[in-house]
Amino acid sequence: MSQVSSDLPPAAPTEASSISDAVRVLEEDIVLGSLHPRERLIEDDLIRRFGFKRHAAREVLAELARRGLVERRKNFGCEVRAFAPQEVAELYHLRELLEAEAARTLPCPLPAPALRQLTDIQREHDRAVTAEDPRAVFHTNQLFHQTLFGFCDNGVLQKAIQEYARQTHAIRFSSLVDASYRERARQEHWAMIAALQEGRRDDLIRLCREHLAPSRDAYLALNRHLYPRG
């Protein structure tokens, strides 16, 4: 029986995968501060950068808008989303309520297999922080929180946490630009793991609430010029 050669070249990427890759790159650019609030995203720039046709560039912008990272302005085009201070405060207040409630319902102590899974993810996050690799920090931080709240049995609550985390995506990673914030987040993740291991629910609830504040405050400090008083 003839065998299929393993020397065949890999298939060319589909347009869908190219769009997905471009969305990922631009998402990282936004949350890591390479693209700033109110900075314009222009179709022609995306066409040149990624070698797209115009319809593909438009699909990339549409997907970024669906993720809450950019917004469309009439007769202007797309720009990186900017959040007013009151909007930031309201969104983060709601996230505190949701995530504290999830912490109240998580198994505590967390079963050993789940604890090992969360610990393994945090070790990846540690390596990213040590390597000073903000992109890897970004992705491992996301995975840590998705996994943590994924242990909550309330599916509706899980979806609400994911939705409001998505809505604040461009806010909550402003702190990634500062090494001290990255180290603080790393230490707080380990404190959460310890609380889950030892059954200290009140500490877990407090840690989940306090963990949100640095990214909120960093975004407001970095972008205060967008909303001057008076």
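This briefing describes the strands, helix packing and salt bridges of the structure shown above.

The structure is a predicted model. Its sheet is open and consists of 3 strands in the order E1-E3-E2, with antiparallel pairing. Helix H3 lies across E1, E2 and E3, and helix H3 also packs with helix H2. The structure holds 28 salt bridges, and one network of them links Arg24, Glu28, Asp29, Arg49 and Arg135.

**The sheet**

- Strands of a sheet pair through backbone hydrogen bonds, in either a parallel or an antiparallel manner.
- In this model, the 3 strands follow the order E1-E3-E2 and pair in the antiparallel sense. E1 and E2 stand at the edges with a single partner strand each, so one side of each has no neighbour in the sheet.
- Strand E1 covers residues 40-41 and is joined to E3 by 2 bridges in the antiparallel sense. Leu41 stands opposite Cys78 in E3.
- Strand E2 (residues 70-73) and strand E3 (residues 77-80) run antiparallel and are joined by 4 bridges. Arg73 faces Gly77 of E3 as its opposite residue, while Glu71 has Glu79 of E3 as its bridge partner.
- The hairpin of E2 and E3 has 3 residues between the strands, and Asn75 adopts a positive phi near 60 degrees there.

**Glu79 in strand E3**

- Glu79 belongs to strand E3. With a relative accessible area of 4%, Glu79 is buried, because the limit for that class is under 20%.
- Apart from neighbours within four places in sequence, Glu79 is in contact with Arg38, Glu39, Arg40, Leu41, Val70, Glu71 and Arg73.
- Between Glu79 and Leu61, the C-alpha to C-alpha separation is 9.5 Å, and the two residues are 18 residues apart in sequence.

**Helix packing**

- Helix H2 spans residues 43-50 and helix H3 spans residues 54-66; they pack at an angle of about 110 degrees, and their axes are 9 Å apart. Angles of 65 to 115 degrees count as roughly perpendicular, and H2 and H3 are therefore roughly perpendicular to each other.
- On the H2 side, the contact is made by Glu43, Asp44, Leu46 and Ile47. On the H3 side, Arg54, Ala57, Arg58, Val60 and Leu61 take part.
- The residues of this contact between H2 and H3 comprise 5 nonpolar, no polar and 4 charged residues.
- Towards the sheet, H3 lies across E1, E2 and E3 and runs at about 110 degrees to E2.

**Salt bridges of Glu28**

- Glu28 and Arg24 form a salt bridge in which the closest N and O atoms are 3.8 Å apart. Both residues are in helix H1 (residues 15-31), and their spacing of 4 residues separates them by about one helical turn.
- Glu28 counts as buried at 4% relative accessibility, whereas Arg24 is partly exposed with a relative accessible area of 37%.
- A salt bridge also joins the side chains of Glu28 and Arg135, at 2.4 Å from N to O. Glu28 lies in helix H1 and Arg135 in helix H6 (residues 134-150), so this pair ties together parts that are 107 residues apart in sequence.
- Arg135 counts as partly exposed, at 33% relative accessibility.
- Glu28, Arg24 and Arg135 are among the residues of a network of salt bridges that also includes Asp29 and Arg49.

- Glu101 and Arg104 are joined by a salt bridge, with 3.4 Å between the closest N and O atoms.
- Both residues lie in helix H4 (residues 85-105), where they are 3 residues apart, or about one turn of the helix.
- Glu101 is partly exposed, with a relative accessible area of 35%; Arg104 counts as partly exposed too, at 39% relative accessibility.

Definitions and conventions: Residues are numbered from 1 along each chain as its sequence is written. This is a predicted model: local features need pLDDT of at least 70, side-chain atom pairs count only at pLDDT 80 or more; totals for chains, interfaces and linings use all residues. Side-chain values use heavy atoms; hydrogens and water are left out. Axes are lines fitted to C-alpha atoms, for helices over the stretch in contact, and angles run from 0 to 180 degrees between N-to-C directions. Angles under 35 degrees count as roughly parallel, over 145 as roughly antiparallel, 65 to 115 as roughly perpendicular and the rest as oblique. Contact means heavy atoms within 4.5 Å. Ala, Val, Leu, Ile, Met, Phe, Trp, Tyr, Cys and Pro count as nonpolar, Asp, Glu, Lys and Arg as charged, and the others, Gly among them, as polar. Two strands pair if DSSP finds at least two bridges between them. A salt bridge is a side-chain nitrogen of Lys or Arg within 4 Å of a carboxyl oxygen of Asp or Glu. Buried means under 20% relative accessible area, exposed over 50%, partly exposed in between (1.4 Å probe, protein chains only).
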